[in-house]
Amino acid sequence: MTTEAYSIAANYLRAAATGVLALAFVAYVAEWALARRGALVSVGGDDQRSAAPDMAAGIGRSVATLAALLLLAGVVFRGLAAGRVPWANMYEFGCAAALVVLTGYLVLVGRWGRAIDWSGAAVTGFCTVVLGASMLVYVPAGPTVPALHSYWLVIHVLAAMIAGSGFVMGAIASAAYLFKVRDENALPRLPSAARLDEIAFRVNAFSFPIWTFAALIAGPIWAQYAWGRYWGWDPKEVWAFITWVVYAGYLHARATAGWKGRAAAILCLIGFATFLFNFIGVNLFVGGMHSYAK
Amino acid sequence: VFKVTDAKGDVVFEDAVPFLPSDGTYTSSGVVKVPDARPEGLGFQGFFLPTAITTGKDQAPISAFPAAANPFVGLFVFHGDLGLDSGLPQSVFTLDKAGLKQFKHRDGSPVRVSLTPGQVADLPGGGSIEFVELRQFARLQIGSAPLAWLPLGATILGVAGLVLSLLIRPRRTWLRIRPGGPDGGSRTVVEIAALDRIGRGGGDLDDHVRRLVDALEEES
């Protein structure tokens, strides 16, 4: 296959993955809706729990797996078309990061089962939006500027993607926690508030050291020999540091009386917001030496 | 390197002009000042694209790559007094347009001269400008961070400590030892209690206390 053919195939696969993922999202939303009706019925004295929500979740999971495979093929083809790792600009980062989030979700469902299954609607919805929105910053496959010709592109960006995926899961769990802690009976498919808090902590505790490595170790090492200084207060660097500080605050808040629970969950969401702004806002509106959006 | 010929046919400028890069693909801007042209001084202001590509009809070309794969210069042309004789210092990268007028087409749109290396363009007021050749210049930045290993080492230590603190589950164990049993005799009563800081019903908490009790009973 020629480079051109790879590029076209990558675009079709990404588009297909977006559509299939939207279907998975619909199935997961159906799961929640069916569970809601099931809860109303059971109040009426009927103790039989309907199997319909589980079936919808199963369909969602299968369709999401298909979408992940399509997206994997798309990202690989994109890499073949460009002749490098497929995460060197905003569009590619969006696609690859959606793939990492999706894969992480499916792997966690395999390991933790129901403890994580409930987040399907949020994960597939989020990834569909990311994939769709990444079309807005589409650029044709091609070589990168020379400043990116380094194996640190693989290490630094991949670590940032993995950490970011954990932050996505953590933010979903924290948002769900805020709902649950107000009313334990709301959204019957969700685990208890205490469990959600635990999940949020575990994924964030997993992501935080990786984020530290990506933003505060691998990044500066690369900057040291690419730009001659390991920290230059570039907008991206500053925002990565802000994200780091907020998540550090979250990890502390969770173990501090008066801050655990709601306040910690809100901190987690603030941290995720700074992460998103770093990806979207700094790329598109701020500029600086990390501006590879186009 | 540009060569400018004025309306009388004299070569009035032939020199290299630096264009400052302003982004990652080296879209550069700069000016050419030709005060010696007759009858009027000439000024050129424009941009340089190392690898010019057009993104569509009627779209301004953009630079796709920082290396000089398809060099291109676009210049707007001004005529008049460049203000070089006023005695005030001037930037070599901007034109002082106070005494200058821009050449315009009949419909009012500004005249733009587009050149690739080796090309010559005629100027509206007579004369011509030639893009003789492209010479690259390098900006060198010399830096030294002799203590860079210190933050690196400190950060690595910090992450190591962080990972340990996240992995290790803290547990507190209390022993309360006091004289006197329930009947007020001379026995010593030992109470043992333990608490996991991150409580998730780990299950081995009871074992832990049990082991301590067993150890104590063996001692006595």
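## A tour of two chains

Start in chain B. Select strand E12 (residues 128-131) together with E11(B): the two pair in the antiparallel sense over three bridges. Two strands count as paired if DSSP finds at least two bridges between them. Strands (E, at least two residues) and helices (H or I, at least four) are DSSP runs, numbered from the N terminus. Now click Val120(B). Its bridge partner in E12(B) is Glu130(B).

A word before moving on: this is a predicted model, in which local features need pLDDT of at least 70 and side-chain atom pairs count only at pLDDT 80 or more, while totals for chains, interfaces and linings use all residues. Residues are numbered from 1 along each chain as its sequence is written, chains are lettered from A and ligands numbered from 1 in the order in which they are written, and side-chain values use heavy atoms, with hydrogens and water left out.

**Stop 1: the sheet in chain B**

Next, select strand E1 (residues 2-5) of chain B. E1(B) pairs with E2(B) in the antiparallel sense, over four bridges. The two strands form a hairpin with five residues between them. Stop at Gly9(B) in the turn: Gly9(B) has a positive phi of about 95 degrees.

E1(B) is also joined to E12(B). Four bridges link these two strands, which run antiparallel. Now pick Lys3(B). In E2(B), the bridge partner of Lys3(B) is Glu14(B). In E12(B), Lys3(B) stands opposite Glu130(B).

**Stop 2: the whole of chain B**

Zoom out. Chain B has two helices and 14 strands. Is chain B compact or spread out? The radius of gyration of chain B is 40 Å, well over the 17 Å that the globule rule gives for 220 residues, so chain B is more spread out than a compact globule. (The radius of gyration is taken over C-alpha atoms; the globule rule is 2.2 Å times the number of residues to the power 0.38.) Along its principal axes, the C-alpha trace of chain B spans about 125 × 45 × 30 Å.

**Stop 3: the whole of chain A**

Switch to chain A. It has nine helices and zero strands. The radius of gyration of chain A is 20 Å, close to the 19 Å that the globule rule gives for 294 residues, so chain A is as compact as a globular protein of that length. Its C-alpha trace spans about 70 × 50 × 30 Å along the principal axes.

**Stop 4: helix H3 and helix H5**

Select helix H3 (residues 90-112) and helix H5 (residues 120-134) of chain A. Their axes come within 9 Å and cross at roughly 165 degrees. That makes H3(A) roughly antiparallel to H5(A). (Angles under 35 degrees count as roughly parallel, over 145 as roughly antiparallel, 65 to 115 as roughly perpendicular and the rest as oblique.) The crossing is left-handed, meaning that the near helix is turned anticlockwise from the far one by less than a right angle; clockwise is right-handed.

Show side chains. Residues of H3(A), among them Tyr91(A), Ala98(A) and Leu102(A), meet residues of H5(A), including Val123(A), Cys127(A) and Leu131(A). Contact means heavy atoms within 4.5 Å. By class, this contact has ten nonpolar, three polar and no charged residues. (Ala, Val, Leu, Ile, Met, Phe, Trp, Tyr, Cys and Pro count as nonpolar, Asp, Glu, Lys and Arg as charged, and the others, Gly among them, as polar.)

**Stop 5: helix H3 and helix H6**

The axes come within 9 Å and cross at roughly 55 degrees. That makes H3(A) oblique to H6(A). The crossing is right-handed. Look for Phe93(A) and Val100(A), among the contact residues of H3(A), and for Met161(A) and Ile162(A), among those of H6(A). The contact has nine nonpolar, one polar and no charged residues.

**Stop 6: helix H3 and helix H9**

The axes of H3(A) and H9(A) come within 12 Å and cross at roughly 170 degrees. That makes the two helices roughly antiparallel. Met90(A), Phe93(A) and Gly94(A) of H3(A) make the contact with Phe279(A), Ile280(A), Asn283(A) and Leu284(A) of H9(A). Five of these residues are nonpolar, two are polar and none is charged.

Terms used: Axes fitted to C-alpha atoms, helices over the stretch in contact; angles between N-to-C directions.
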